Amino acid sequence: MAKFEVYSFEDLMNEVRSYMKNENNLALIEKAYLYAADKHKEQKRKSGEPYIIHPLQVGTYLAKLHAGPSTVAAGLLHDVLEDCDVDPDDFTDEFGEEIYKLVEGVTKIGNLKFKDEKEYQAANHRKILIAMASDIRVILIKLCDRLHNVRTLQYQPPEKQKKIAKETLEVYAPIAHRLGISEIKNELEDISFMYLDPEKYHEIAGLVENKKAQRDEQVRQMIISIDELLADKHINFRIFGRSKHLYSIYNKMLKKNKRFDEILDLLAIRIVTENALDCYEILGYIHAKYTPIPGRLKDYIAMPKFNMYQSLHTSVINSEGTIFEIQIRTEEMDEIAERGVAAHWRYKEGKYNSKEEQKQIEERLSLFRDIISIKDDEDLDDQVFMETLQRDFFDTNVYVMSPKGRVIDLPQGSTPIDFAYRIHTEVGNSTIGATVNGILVPLNTVLKTGDVVSLQTSKNSVGPSEDWLKFVKTTHARNKIKSFLLKKEMESRAPIIERGESMLKEEFERREVDAEWLQPKKLQEIYSQYNLKEYNDFMYAVGNKAISLSSIMDKVNKKAHAQAAPTLNSNTVYVREEKKKYTSKLGIRVAGIDSIKISLAGCCSPVPGDEIIGFITKGQGVKVHRKDCPNIQKEGNRIIDVEWEEDYHDTKYEVTLYIEATDRTFLITDIVTVLSQSKAQLNAINSSVKEDKVNTVTTIKIVVDNSEHLKNVIANLRKVQSVTKVERKIV
């Protein structure tokens with residue numbers, strides 16, 4: 001087990017003084033340390049050490065990344081809200097709103113109950129990642145927190161070691177990679193690898209150690225050779241060997257199906273110089289002396305990686321036939337390669353050197369803003385959110401370019417539409433065509449690394465098509481398309497919603513309903529019974545006549561009388577009931593019996609035209625079933641003949657239908673519209689997505705006249721786009 005240096009408060013202050021000169025900033029960090037030490041003074045870590053050791057290490061790691069004063073202070077304080085019962089208002093008074101928000105962003109979700117550990121972790125990660133999208137410093141603190149936690153995993157039980165290591169490898173190491181913080185990323189990966197697969201870890205570590213002396217000597221000789229080559233070129237540079245971390249070796253062996261001795265860049269040298277021109281000049285001298293391996297030259301200076309990484313990479317063979325990977329970069333590039341966005345702490349806590357720097361950093365961090373668009377999709381639960389983030393942001397490995405050379409990273413399977421929305425929402429909404437590498441292509445074309453994508457846009461575009469949802473890959477693009485279509489739908493729905501409001505108001509006035517029932521809170525008591533969550537959806541259904549006014553009045557009447565019942569002396573009349581126009585309630589006759597209680601069985605919901613049969617219950621009269629109802633097949637003695645009364649039209653009948661469909665936007669809207677057009681009253685609707693995340697099951701309760709009317713409704717529903725099955729449901 002590797003031993004890691006434990007930093008003291010003096011070490012921390014020496015580190016921050018190396019790049020912070022403002023005394024107020026230094027005083028803030030000292031104040032944060034003393035406050036944290038006081039709040040944690042009674043607490044111990046699992047190692048038995050005082051708890052303050054942990055936040056002190058986190059603060060020092062942040063200082064080594066050259067994070068700003070507020071970030072370092074928040075790192076020292078990151079556990080006090082969660083573990084020390086500190087009042088948020090008192091904390092804010094002490095350290096200000098900015099530091100409070102940073103600490104609160106890192107604080108785990110407490111006081112919430114989850115069905116299992118997986119759900120808890122997903123919810124916790126979602127909170128942190130959304131906070132990160134608003135302020136990148138939150139994740140810098142969290143990464144340093146996680147780094148110290150994995151460095152001290154030996155004090156955790158084996159099961160927890162594996163759980164934390166797996167989480168680190170799947171969530172935190174990819175974030176560090178995204179932010180370009182290779183120092184932290186490499187260590188998180190190696191430690192996690194050691195706990196998850198100790199046998200393979202020690203195997204590779206052994207292979208590395210076995211040839212260490214030989215490789216070190218080869219690298220030393222190559223450094224001397226390059227140093228001599230550049231000695232008279234008047235270029236300032238420093239040169240050193242670098243070791244490949246174990247997890248990256250393992251990954252290359254696994255993904256490329258290669259043996260340890262086939263990994264070409266095990267012998268690696270880095271040259272750091274003053275400016276980009278020197279980088280290219282040094283590359284020229286090296287290629288002139290050593291044989292470059294074809295296909296191994298990569299220019300990340302001209303085309304930086306998504307995480308701001310810049311460098312020249314080449315692989316060459318020396319006179320002895322040994323292969324070396326050589327990286328050439330500037331001092332600034334080297335700092336960014338090691339510290340990523342942390343090297344730009346001025347982003348939040350200082351000033352940019354120039355407008356150009358501001359533009360570059362804003363652009364490089366813009367990808368994290370896309371996380372907010374995933375957050376806004378309320379249909380995603382926390383686990384699906386994390387899966388989406390893994391696919392759209394952590395696993396991106398397709399790199400395409402705009403005509404001006406801007407590199408955009410996308411997940412596998414992405415299209416020009418995904419590219420367009422990554423550029424800007426308005427670009428996506430106005431896209432009408434695309435060319436890839438100068439050739440006009442369909443908008444559903446799958447992009448490959450190296451493609452140059454040019455978009456054709458039009459101010460007169462009607463906007464995104466619903467068909468785009470069938471092929472876009474990124475959740476960001478999908479959400480933007482859905483948002484546009486929803487806004488468009490709402491605009492078209494507005495007149496119908498207005499009509500619904502007018503119809504309901506007139507009906508309330510006609511029936512002399514108390515005015516309080518027009519208040520939104522009161523109306524919610526009614527439309528919630530139709531499984532509707534929004535006022536506008538309710539009014540749209542009323543305006544479309546998908547929900548009848550008489551049905552609403554019945555529910556208002558029941559609610560009103562239920563609320564008035566406890567008040568014995570109440571003279572209030574909420575709804576004036578109309579007289580029944582018929583005497584036979586269900587239109588069903590029992591042969592030879594003039595007076596008996598008759599009701600329809602809820603399991604099969606018979607309607608006129610169905611073949612029916614009666615079942616004599618104990619104390620509830622006759623229950624009428626469809627003859628094919630499985631619930632009645634085994635009954636014998638208590639079966640009785642019943643029949644529909646002829647020419648009976650006054651009663652309507654509730655039926656439950658079961659609808660299966662492929663999930664898509666506006667499916668429910670189309671179903672409701674068809675019901676309205678078929679003159680079938682909707683009493684309830686419930687829809688859910690199946691486990692496959694592709695198909696939906698929708699259950700509706702509708703009111704029809706008879707079996708012919710029902711057949712017509714079912715036939716029309718089967719014509720709805722993406723519907724695969726419609727059938728009557730027997731409970």
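Ser-311 counts as buried because its relative accessibility is 0%, where buried means under 20% relative accessible area, exposed over 50% and partly exposed in between (1.4 Å probe, protein chains only). The structure is a predicted model, in which local features need pLDDT of at least 70, side-chain atom pairs count only at pLDDT 80 or more, and totals for chains, interfaces and linings use all residues. Residues are numbered from 1 along each chain as its sequence is written, and side-chain values use heavy atoms, with hydrogens and water left out.

**Surroundings of Ser-311**
- Ser-311 is located in the loop between strand E4 (298–299) and strand E5 (312–317); helices (H or I, at least four residues) and strands (E, at least two) are DSSP runs numbered from the N terminus.
- Leaving aside residues up to four places away in sequence, Ser-311 touches Lys-298, Asp-299, Tyr-300, Ile-301, Gln-327, Ile-328 and Arg-329, contact meaning heavy atoms within 4.5 Å.

**Surroundings of Asn-149**
- Asn-149 belongs to helix H8 (residues 137–151).
- With 24% relative accessibility, Asn-149 counts as partly exposed.
- Arg-45 and His-54 are touched by Asn-149, residues up to four places away in sequence not being counted.
- Between Asn-149 and Ala-165 there are 9.9 Å from C-alpha to C-alpha, at a sequence separation of 16 residues.

**Packing of H1 and H2**
- Helix H1 (residues 9–17) packs against helix H2 (residues 23–39) at an angle of about 160 degrees, and their axes are 11 Å apart; axes are lines fitted to C-alpha atoms, for helices over the stretch in contact, and angles run from 0 to 180 degrees between N-to-C directions.
- H1 is therefore roughly antiparallel to H2, given that angles under 35 degrees count as roughly parallel, over 145 as roughly antiparallel, 65 to 115 as roughly perpendicular and the rest as oblique.
- On the H1 side the contact is made by Phe-9, Leu-12, Met-13, Val-16 and Arg-17, and on the H2 side by Leu-26, Ile-29, Glu-30 and Tyr-33.

**Buried side of H22**
- In helix H22 (residues 520–527), the buried residues are Lys-522, Leu-523, Ile-526 and Tyr-527.
- These residues lie on the same side of H22 because they cover an arc of only 135 degrees around the axis, the arc being that of the directions from the helix axis to the C-beta atoms.

**Whole protein**
- The protein has 26 helices and 21 strands.
- Of its 731 residues, 50% are buried.
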